[in-house]
Amino acid sequence: MGKVTGFLEYERKIEPYKPVEERIQKYEEFTIPLDKPELKNQGARCMDCGIPFCHSGCPLGNLIPDFNDAVYRERWEEAATILHGTNNFPEFTGRLCPAPCEEACVLGINEDPVTIENIEKNIAEEAFKNGWIKANPPENRTGKSVAVIGSGPAGMAVAQQLNRAGHLVTVFERDEKPGGLLRYGIPDFKMEKSVIDRRLAVLEEEGIIFKCGVHVGKDIKADELKSEFDAVVLSTGATVRRNLPIPGSDLKGIYQAMDFLPQSNRRVDGLTWEGEDIKATGKDVIVIGGGDTGSDCIGTSIRHGANSVNNFEIMSKGTAERPENQPWPYWPMRLRTSSSHKEGAERFFSISTKKFVGDDAGNLTGLVTAEVEWTHKPGERPNLSEIPGTEKEWKADMVLLALGFTGSEPTIAEQLGIKMDARTNIEASIEDYMTNVPGVFAAGDTRRGQSLIVWAISEGRQAAHHVDKYLMGKSDLPLKGDGDLPRV
């Protein structure tokens, strides 16, 4: 590394936030970028550790010490080339990834880890600002055509990789704009949609066709696409929402997070939507679910002007430090506090919702909870039990269910005769990402279940290699760990 003693000289610094009272008035991103001298210092913190465990922590296998060193040496274009060699969309992951690479950082054993995610974001922004990211269409076309169903990060990644191999790629998206949950599930205060649009412009200039407003399985049958294209890739995500089947769940005022967030995003983007207007303005809101989606509901509700926002999590409150049974470099299940949590929500852990309460008109007025405790015996699944005498009624006129997803919608699988596993994910071999139907592949959440954006991009890249090999008999597209030709 360029600065062998950098980790001893500089402390970890991340982008600061604008004040809460200022940022909750808008739906814009609110981090304040670090200047280049500080980013250079942060790159200098990357140790000459010998074995970079951050590689194994990153599902993409990003060459992290290499681009950190390039930033330290102020070789920003070189850093962008290195980063794009393994990651098609670092401007997405640099904003949205929970950074498992940082949890695997060797420096993180006894100090604060390197700010890998923030460096990644700034490399991408510098590349766009300087015009280093340009459309790079293939010199030759193979004459093979591929249909990609779903335009989220997995679909976008597999499309770009297959286009680079010279295939004609058409991406089908049922919503009015591409991006999947990046566009309709992630609030603008975490990633403004112009970030997606500028990358899409590059993909389209490279020759990828996006057909939006086309619901495969309804507007066009999946078997029609199979007969029209030489290969089909399913990247439709895991979009079947988990419900809370308790008394009162049909009361008006209880909404799925993925009804609430997409509508809010459409409102910010000036788009229309069907159904009732779902807004938290002036309401006492309870968000059930403690993950990223729950956090997004909190931040959005506060920006709507909610009267109060409480967050319930059935799991126990995590510790600030690593649990003993999750040593470095593994991903630790510890307490994580998002920017939205700091904007005015109160969090409650080890709490289970027993029933919803409503008035005579069928409107939600509150809910009843009980405290719970988890017990765990070696070799057995954790056991959940209610603590007697802890029932409590809460006032609420809006509840948002952020309970995650159970699997993929079955329509396309049924039309094509594709097998699904017990969790209703598409069955596709990890060896070649192909389903039981020849020529039909699956990648992303639709194959592995609900997961991270960085895993979706990784899945898309891996699947693209195998699709290319299926079409051509061999493939030069990289697999994880191979690296890539320098390419922005």
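Two strands pair if DSSP finds at least two bridges between them. In this predicted model, three bridges join strand E6 to strand E14 (residues 398–401), and these two strands run parallel.

**The sheet with E6 and E14**

One of the bridges can be named: Ile 254 has Val 399 in E14 as its bridge partner. Both strands belong to an open sheet of five strands, in the order E6-E14-E7-E8-E9, with parallel pairing. Strand E6 (254–256) and strand E9 (346–349) are at the edges; each has a single partner strand, so one side of each is left without a neighbour in the sheet. On average, neighbouring strands here are turned by 20° against each other, direction ignored. Helix H14 (residues 257–269) packs on this sheet and touches E6 and E14. The direction of H14 makes about 75° with that of E6.

**The sheet with E1 and E4**

Another open sheet has five strands in the order E3-E2-E1-E4-E16, and its pairing is parallel. Its edge strands are strand E3 (209–212) and E16, each of which pairs on one side only. Neighbouring strands of this sheet are turned by 20° against each other on average, direction ignored. Inside the order, strand E1 (residues 145–149) and strand E4 (residues 231–234) run parallel and are joined by four bridges. Ile 149 stands opposite Leu 234 in E4.

**Aromatic rings**

A pair of aromatic rings is described by the distance of the centres and the angle of the planes. A search of the whole structure finds nine aromatic pairs. The table gives two of them.

| Pair | Centre to centre | Angle between planes | Kind |
|---|---|---|---|
| Phe 348 and Trp 394 | 4.8 Å | 70° | edge-to-face |
| Phe 441 and Tyr 470 | 5.6 Å | 70° | edge-to-face |

Which strands hold Phe 348 and Trp 394? Phe 348 lies in strand E9 and Trp 394 in strand E13 (residues 392–395), so the pair ties together parts that are 46 residues apart in sequence. Trp 394 counts as buried, at 11% relative accessibility. Lys 392 lies over the face of Trp 394, at 4.0 Å from the ring centre.

Phe 441 is buried, with a relative accessible area of 1%, whereas Tyr 470 is partly exposed, with a relative accessible area of 38%.

Other aromatic residues also have ring neighbours or a charge over the ring. Tyr 17, Phe 30 and Phe 189 form one aromatic cluster. Arg 448 lies over the face of Trp 455, at 4.0 Å from the ring centre.

**Cysteines**

A disulfide is a covalent bond between the sulfur atoms of two cysteines. How many disulfides does the model have? The count comes to zero. Cys 97 is buried, with a relative accessible area of 10%. Cys 297 also counts as buried, at 0% relative accessibility.

Conventions:
Residues are numbered from 1 along each chain as its sequence is written. This is a predicted model: local features need pLDDT of at least 70, side-chain atom pairs count only at pLDDT 80 or more; totals for chains, interfaces and linings use all residues. Side-chain values use heavy atoms; hydrogens and water are left out. Axes are lines fitted to C-alpha atoms, for helices over the stretch in contact, and angles run from 0 to 180 degrees between N-to-C directions. Contact means heavy atoms within 4.5 Å. Rings of Phe, Tyr and Trp (its six-membered ring) pair if their centres lie within 6.5 Å; planes under 30 degrees apart count as stacked, over 60 as edge-to-face and the rest as tilted. Buried means under 20% relative accessible area, exposed over 50%, partly exposed in between (1.4 Å probe, protein chains only). A charge sits over a ring if NZ of Lys or CZ of Arg is within 6 Å of the ring centre and within 35 degrees of the ring normal. A disulfide is a pair of cysteine sulfur atoms within 2.5 Å.
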